[in-house]
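Please look through the structure below before reading on. The paragraphs that follow start with the chain as a whole and then turn to one of its elements.

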Amino acid sequence: MINLRASQKQKRLIDRAAELLGRTRSDFMLETACREAETVLLDGRYFGLSPDTFKRFTAMLDKPPASNPKLRRLLQTKAPWPLMTTKTLDQHIETSLGVAGGKPRIAGHRITVLDIVIWHERLGKSVDEIASDYGLTLADVHAALAYYFDHRADIDKDTAEGQAFAESLRQATPSKLKHKLNAGEN
């Protein structure tokens, strides 16, 4: 028997994943833990060498490689796949002048990149929570975060300008409610 302590947040996350796969919490946790244990064991193989073999091994590693014209030509050839790749951010992020003030947003939604960033970075929501709470895919949320970090300076500048504009409106337009409340105190 294995007993684990988990926070409610961790438990909800595990339960959602288990449900998605049609498994019980115990089955999901055991399968996942075993798979991770196998990965750790395979990645961490230790092999011992005698001092003489170790010395020969390190000498081979330190020795410069023999000249290989075919390998040199291959390494100097431009890879063909960049021409074939599609920009996956383009499939998840879009901007439209008439939607969300023209701000970058999740394609097909009014949820902006900045909304995702605030929920994730400032409110501490996980990518899974954001996706499930707002009916998005994990790829949508990751794309929004990637877009933000690629365009951080511009988005932060727009945000600061928006906040400054809102503050200037607050200063220029006194609150009628506040005025009435102050008048009632006198």
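This is a predicted model: local features need pLDDT of at least 70, side-chain atom pairs count only at pLDDT 80 or more; totals for chains, interfaces and linings use all residues.

The overall dimensions come next. Along its principal axes, the C-alpha trace of the protein chain spans about 95 × 55 × 35 Å, and the radius of gyration is 28 Å, whereas a compact globule of 186 residues would have a value near 16 Å. Of the 186 residues, 16% count as buried, and the protein chain exposes about 15400 Å², of which carbon and sulfur atoms supply 58%. Among the contacts between residues at least 6 apart in sequence, 36% join residues at least 24 apart.

Which residues of helix α6 are buried? In this helix, which covers residues 113-122, they are V113, I116, V117 and W119. In general, an α-helix has 3.6 residues a turn, so residues three or four places apart point the same way. The buried residues of α6 pack against both strands, β1 (93-94) and β2 (105-106), and also against the helices α7 (127-134), α8 (138-150) and α9 (152-172). Just after α6, G124 takes a positive phi of about 75°.

Technical notes: Residues are numbered from 1 along each chain as its sequence is written. Side-chain values use heavy atoms; hydrogens and water are left out. The radius of gyration is taken over C-alpha atoms; the globule rule is 2.2 Å times the number of residues to the power 0.38. Buried means under 20% relative accessible area, exposed over 50%, partly exposed in between (1.4 Å probe, protein chains only). Contact means heavy atoms within 4.5 Å. Accessible areas come from the Shrake-Rupley method with a 1.4 Å probe; for residues, only the protein chains shown count as cover. Helices (H or I, at least four residues) and strands (E, at least two) are DSSP runs, numbered from the N terminus.
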